[in-house]
Amino acid sequence: MDGWPPVNTRRFDGESERSFRWRATRITEIIATFRTGRYDATVGEQLEQELIDLQTPSHRELLLN
């Protein structure tokens, strides 16, 4: 396999297009950072938590408001 697999972000039920695009872009940015390994342990933990939050439907309310 050549290269990394694409990042596929699922849209939450009822999520606005704007929110979905912002969230998908941020998820892709975080994953790209993990793939390049350009961060220290503290930043890695913060990014991991942000990624979890962005992939959790309950986070959707924060993005929609």
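Reader: How do H1 and H2 run relative to each other, roughly parallel or roughly antiparallel?
Author: In this predicted model, where local features need pLDDT of at least 70, side-chain atom pairs count only at pLDDT 80 or more, and totals for chains, interfaces and linings use all residues, H1 and H2 are roughly antiparallel (over 145 degrees).

Reader: What's the angle, and how far apart are the axes?
Author: H1, residues 17-36, packs against H2, residues 41-54, at about 150 degrees, and their axes are 10 Å apart. Both are DSSP runs (H or I, at least four residues), and axes are lines fitted to C-alpha atoms over the stretch in contact, with angles from 0 to 180 degrees between N-to-C directions.

Reader: Which residues make the contact?
Author: H1 brings Trp22, Arg23, Arg26, Ile27, Ile30, Ile31, Thr33 and Phe34, while H2 brings Gly44, Leu47, Glu48, Glu50, Leu51 and Leu54. Contact means heavy atoms within 4.5 Å.

Reader: How many of those are nonpolar, polar and charged?
Author: In the contact of H1 with H2, eight are nonpolar, two polar and four charged. Gly counts as polar, and Arg and Glu as charged.

Reader: Other topic: how are residues numbered?
Author: Numbering starts from 1 along each chain as its sequence is written, and side-chain values use heavy atoms, leaving out hydrogens and water.

Note on methods:
Helices (H or I, at least four residues) and strands (E, at least two) are DSSP runs, numbered from the N terminus. Angles under 35 degrees count as roughly parallel, over 145 as roughly antiparallel, 65 to 115 as roughly perpendicular and the rest as oblique.
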